[in-house]
Amino acid sequence: MGRQATEMLKGVLEGIVLAFLSGHSAYGYEITARLRDEGFTDIAEGTVYALLIRIEQRGLVDVVKVPSEKGPPRKMYSLTGPGQDCLNEFWRTWSFLSERLERIREEGNEHVG
C-alpha cells in the first residue's frame, strides 16, 4: 500500500473494525486476520491492538476475558450500544463522502479531453 492509501486507511480503520464487530465478537488476532483477508496486508497487529484499547476506553466495545488453551486468557471484543451508534454515524459519513467524491470524479471526467 502506498503512503496515500495508508493515510486514508488510518482515518477509516476504526469504522472497519467496528463493522467487523457488528456481526460477531472477536479476538484481536481474529480482527487482524480478517483485515489481512480483506487485503489490508500492511496493517501491523500493534496498530489494531492500540485501536482496540482506544475504542474500549471510549465504551464502544465490551471486553470479556476468555480462557485460552495456550497461554493467558484472550480478550474477546463485542460491540456496545454506543459502538453501534458510532458505526451507524461512520456509515452515514462514509455515504456522504463517497457520494460527493464520486460526483466530483465524474464532473472531472466530463472536463477531460
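## Arg-105 and its partner

Arg-105 has 52% relative accessibility, so this residue counts as exposed (exposed means over 50% relative accessible area, buried under 20%, and partly exposed in between, with a 1.4 Å probe and protein chains only). Arg-105 makes a salt bridge with Glu-102, and the closest N and O atoms are 2.8 Å apart (a salt bridge puts a side-chain nitrogen of Lys or Arg within 4 Å of a carboxyl oxygen of Asp or Glu). Glu-102 comes in at 31%, so it counts as partly exposed. Both residues sit in helix α4, 3 residues apart, or about one turn of the helix (helices are DSSP runs of H or I with at least four residues, strands are E runs of at least two, and numbering starts from the N terminus).

A word on the source: this is a predicted model, where local features need pLDDT of at least 70, side-chain atom pairs count only at pLDDT 80 or more, and totals for chains, interfaces and linings use all residues. Residues are numbered from 1 along each chain as its sequence is written, and side-chain values use heavy atoms, leaving out hydrogens and water.

## Other salt bridges

Searching the whole structure turns up 6 salt bridges. One of them links Glu-99 to Arg-100, with the closest N and O atoms 3.5 Å apart. Glu-99 is exposed because its relative accessible area is 51%, while Arg-100, at 31%, is partly exposed.

Glu-38 also pairs with Arg-34, at 3.7 Å between the closest N and O atoms. Glu-38 is partly exposed at 47%, and so is Arg-34 at 35%.

## The largest pocket

The largest pocket has a volume of about 170 Å³. Its lining is made by Met-8, Val-12, Trp-94, Leu-97, Ser-98 and Leu-101. Two elements, α1 (3-23) and α4, each give two or more residues to that lining, and α4 has the largest share with 4 residues.

On the grid side, a pocket is an open set of points on a 1 Å grid over the protein atoms alone, where a 1.4 Å probe fits, with protein on both sides within 12 Å along at least five of seven lines; lining residues have an atom within 4 Å of a point. Points are joined across faces, edges and corners, and the volume is the space filled by probe spheres set on them.

## The sheet

Elsewhere, 3 strands form an open antiparallel sheet in the order β1-β3-β2. The edge strands, β1 (26-27) and β2 (61-66), each pair on one side only (pairing takes at least two DSSP bridges between two strands). Strand β2 is joined to β3 (residues 74-79) by 6 bridges, and Asp-62 stands opposite Ser-78 in β3.
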